[in-house]
Every structure is written in C-alpha cells, then in structure tokens.
Amino acid sequence: QVHLKESGGGLVQPGGSLRLSCAASGNFASINRMGWYRQGPGMQRDLAATITSGETTNYADSVKGRFTISIDNDKNTVYLQMNNLKPEDTAVYYCNAEGWVYRQGPFTSWGQGTQVTVSS
C-alpha cells in the first residue's frame with residue numbers, strides 16, 4: 001500500500017502564495033510520476049501540474065507562470081509552489097503518485113486532499 005501525506009493548504013488573500021507538500025510512503029519499488037490535481041466547488045477534478053522522476057513537468061494552462069512543481073526523489077516528496085493566487089484557484093488539491101510495487105506491478109495512489117481557499 002502506498003500512502004500519500006499532504007500538507008500546506010489554507011486560506012490566503014488574492015496575490016498571495018502557498019506551498020503544498022506531499023510525501024509518499026509504503027512498500028513501493030519506484031515512483032515514476034507525482035502531481036497535483038484540483039477540484040473546485042461543483043467542478044470535476046482536473047490537472048494542475050505533474051512531474052516525473054526525471055523532472056519533466058506538465059502544467060495546466062491556467063497555472064503556467066504562477067505555479068512551480070518540484071520533486072525530491074530521495075524523500076519521495078513533491079512540492080507545489082503557488083504564487084499570485086487567484087480566487088479561481090480555490091479548490092481541494094489532491095496529490096497523485098504513479099509507480100511500481102515490487103512483485104505486484106504498477107500503482108496509482110491519491111491523497112485525501114488539502115483545501116486551498118483564495119479570498120479577501
């Protein structure tokens with residue numbers, strides 16, 4: 001079982017910054033990609049940003065230039081630095097990890113989500 005522990009959400013004013021962290025733990029052989037998805041009120045869950053273990057990144061158009069995703073492979077931890085936050089960034093942010101469990105095969109795991117609220 002692969003467990004993802006998220007932290008760093010909260011309430012911030014428009015134009016402010018937050019940093020999300022997500023650490024993976026459990027019995028896995030490797031992690032190939034980690035990322036953040038978000039689900040706003042009444043919306044579907046959508047991609048915010050992903051990063052591979054080789055540090056190839058992918059961003060939603062709506063966050064390009066404002067969010068930066070990074071990964072610490074030694075700590076199995078992914079970070080999302082969010083700057084110039086807007087009210088439309090308000091959502092529950094979910095951590096995601098994809099990789100390989102030794103002798104079992106590929107896995108995909110989700111965190112429980114952390115609330116980010118952008119409001120004055």
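Reader: Let's start with Thr-50: is it buried or exposed?
Author: Burial here goes by relative accessible area: buried is under 20%, exposed is over 50%, and partly exposed is in between (1.4 Å probe, protein chains only). Thr-50 has a value of 6%, so it counts as buried.

Reader: And what kind of model is this?
Author: Residues are numbered from 1 along each chain as its sequence is written, and side-chain values use heavy atoms, leaving out hydrogens and water. Local features need pLDDT of at least 70, side-chain atom pairs count only at pLDDT 80 or more, and totals for chains, interfaces and linings use all residues, since the model is predicted.

Reader: Which strand does Thr-50 lie in, and which residues does it touch?
Author: Helices (H or I, at least four residues) and strands (E, at least two) are DSSP runs, numbered from the N terminus. By that numbering, Thr-50 belongs to strand β5 (residues 46-52). Contact means heavy atoms within 4.5 Å. Leaving aside residues up to four places away in sequence, Thr-50 touches Arg-33, Met-34, Gly-35, Tyr-37, Thr-56, Thr-57, Asn-58 and Ile-69.

Reader: How many aromatic pairs are there?
Author: Rings of Phe, Tyr and Trp (its six-membered ring) pair when their centres lie within 6.5 Å; planes under 30 degrees apart are stacked, over 60 edge-to-face and the rest tilted. With that rule, the number of aromatic pairs in the structure is two.

Reader: How are the rings of Phe-28 and Phe-107 arranged: stacked, edge-to-face or tilted?
Author: A pair of rings is described by the distance of the centres and the angle of the planes. For Phe-28 and Phe-107 the centres are 6.1 Å apart and the planes stand at 40°, so the pair is tilted.

Reader: How far apart in sequence are the parts that Phe-28 and Phe-107 tie together?
Author: Phe-28 and Phe-107 are both buried. Phe-28 sits in the loop between β3 (18-26) and β4 (30-39), while Phe-107 is in strand β10 (residues 105-110), so the parts they tie together are separated in sequence by 79 residues.

Reader: Which residue lies over the face of Trp-110?
Author: A charge sits over a ring if NZ of Lys or CZ of Arg is within 6 Å of the ring centre and within 35 degrees of the ring normal. Tyr-79 has Arg-19 over its face, 4.2 Å from the ring centre. Over the face of Trp-110, at 4.7 Å from the ring centre, lies Arg-45.

Reader: Which strands do Cys-22 and Cys-95 lie in?
Author: Cys-22 and Cys-95 form a disulfide (a pair of cysteine sulfur atoms within 2.5 Å), with their sulfurs 2.0 Å apart. The link is left-handed, at -85° about the S-S bond. Cys-22 is buried at 0% relative accessibility, and Cys-95 is buried at 0% too. The link ties together parts 73 residues apart in sequence, because Cys-22 and Cys-95 lie in strands β3 and β9 (residues 91-101).

Reader: On to charges: how many salt bridges does the structure hold?
Author: A salt bridge needs a side-chain nitrogen of Lys or Arg within 4 Å of a carboxyl oxygen of Asp or Glu. One of them joins Lys-64 and Asp-61 (3.1 Å, N to O), and Asp-61 is exposed at 64%. The structure's count of salt bridges is four.

Reader: Which residues are linked in a network of salt bridges?
Author: Asp-89 meets Arg-38 at 2.9 Å, N to O, and since Asp-89 is in the loop between β8 (77-82) and β9 and Arg-38 in strand β4, parts 51 residues apart in sequence are tied together. Asp-89 also bridges to Arg-66, with the closest N and O atoms 2.7 Å apart. Arg-66 is buried at 9%, and Asp-89 is buried at 1%. The network is made up of Arg-38, Arg-66 and Asp-89.
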